[in-house]
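Visitor: Could you take me on a close look at the aromatic side chains in this one? I'm new to this, so please go step by step.

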Amino acid sequence: MSKKKDKQEAAKPAKAAGSDGHEQPVEAATQALEATAQPPAAEAPKADKAVPSARKKKMSRKEYEQELAKLNVELVKLLEWIKYKGLKVVVIFEGRDAAGKGGAIKTITAPLNPRYCRVVALGVPTEKEKTQWYFQRYVAHLPSVGELVLFDRSWYNRAGVEHVMGFCTEDEYREFLRSCPEFERMLVRSGIILIKYWFSVSDEEQERRFQARLNDPTKRWKLSPMDVQSRARWVEYSKAKDAMFASTDIKQAPWYVVNADDKRRARLNVIRHLLSMIPYEDLTPERIELPPRQPDGGYVRPPITDQTFVPEYY
C-alpha cells in the first residue's frame, strides 16, 4: 500500500469527529472495514502525508518511560503555574481516526490534578443542541481561571465529519469556515490561551491500528462507523482538512501538526511542545514533615465481621 500521510504538513491538518448521530451495528462496521481494506488504485491521489524528516527507529518502552517521567514533573509544574496565575488554557486535539489523540490526552492528564485539568469529549448533540448556535454547546465547557481543558475533538467536527458525511448543509459549513476564525480570535481576546493540535497518521499505520482494534475485544468499541467511513473517504477528508486549514490556521491560534505514526514519540513531542507554549516557573511546594499520628486513646475498632469486603479473587 502506498504511503499517504498529511499532504500539506507545513500547513498542518485537521480531522473529523465521531459525534455524528448515526448509529450502526458493530458487525456492519467490521464488514465495511474489511471491504475497504483493499489497496488503492495506483493513480489514487495522495493525501494527508505527515512529515517525518527521517524514518526513526521505534522508541523503546524504557526510553519512553524515562523521558515521560521527566516530562510529567514539568506538566505538574505547568498546571501549578496555571492555577497560580489564574490562566485559562484550551488545548484542542484533532486528526485522523486512530491517530492517537485519545492516548496523548490520557498521557497528559495522568499526573495532573483532575480538579484543574479536565477533558471534554462531547457525544452526539441533542435535538435541543441542534437548534442552538453551533458553538454554544462548546462554550459551556470553556475553562474558568486556573483551569486547563483538553478537547478530544471540538467545534471542528463541522469542518470534518459533518461536512464530509452530509450532516450539515453547505451553507452551515461555509458559515463555520467564516465564523470560526472570529470565534477563536474572540476567545483569545478574552484571555484564553488556545492551542490546536492535528495528529497526522499514514494510511498504512491507520490500517494497522484499525485491524488491531478489530482483533482486540477491549479496543473494538473504538471502531465506530465513522472510522470505517474515514477510510472509504480518505481523500474527501483530506480535502476537507485542507479547506479547514486554509480558513482557520490563523496567527492568533495556529495549527500544530504532530507526526503520529509512532505513538510514543508523538506523545512526548506534543507534551514537550505544550510545555514550551506557556512560560511557567517552578512552584513545587516545599517538602513538609508529617506530624506523628494521634494516639488511639483507648479507641477500639468495631468487629471486622460487621463490614462488607470486596471478595479477594486475586
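Guide: Let's begin with a definition: a patch is made of residues with over 30% relative accessible area and no salt bridge, and nonpolar side chains are joined into one within 5 Å. Keep in mind that this is a predicted model. Here, Trp-133, Val-139 and Met-186 form a nonpolar patch on the surface, and together they have about 290 Å² of accessible area. Val-139 sits in helix 5, residues 136-139. With a relative accessible area of 34%, Val-139 is partly exposed, because that label covers values between 20% and 50%.

Now follow Trp-133 out of the patch. Trp-133 also belongs to one aromatic cluster, along with others including Tyr-134, Phe-135, Tyr-138, Trp-155 and Trp-255.

What about aromatic pairs? Searching the whole structure turns up 19 of them. Trp-81 and Tyr-84 make a tilted one, with 5.7 Å from centre to centre and 40 degrees between the planes. Both of these residues are in helix 2, residues 61-85, and they are three residues apart, about one turn of the helix. An α-helix has 3.6 residues a turn, so residues three or four places apart point the same way. Still, Trp-81 is buried, at 10% relative accessible area, while Tyr-84 counts as exposed at 58%.

Rings can have charged neighbours, too. Lys-83 lies over the face of Tyr-116, 4.3 Å from the ring centre. Arg-96 does likewise with Trp-234, lying over the ring's face at 3.8 Å from its centre.

Definitions and conventions:
Residues are numbered from 1 along each chain as its sequence is written. This is a predicted model: local features need pLDDT of at least 70, side-chain atom pairs count only at pLDDT 80 or more; totals for chains, interfaces and linings use all residues. Side-chain values use heavy atoms; hydrogens and water are left out. Patches are made of residues with over 30% relative accessible area and no salt bridge: like charges are joined within 9 Å, nonpolar side chains (Val, Leu, Ile, Met, Phe, Trp, Tyr) within 5 Å. Accessible areas come from the Shrake-Rupley method with a 1.4 Å probe; for residues, only the protein chains shown count as cover. A salt bridge is a side-chain nitrogen of Lys or Arg within 4 Å of a carboxyl oxygen of Asp or Glu. Helices (H or I, at least four residues) and strands (E, at least two) are DSSP runs, numbered from the N terminus. Buried means under 20% relative accessible area, exposed over 50%, partly exposed in between (1.4 Å probe, protein chains only). Rings of Phe, Tyr and Trp (its six-membered ring) pair if their centres lie within 6.5 Å; planes under 30 degrees apart count as stacked, over 60 as edge-to-face and the rest as tilted. A charge sits over a ring if NZ of Lys or CZ of Arg is within 6 Å of the ring centre and within 35 degrees of the ring normal.
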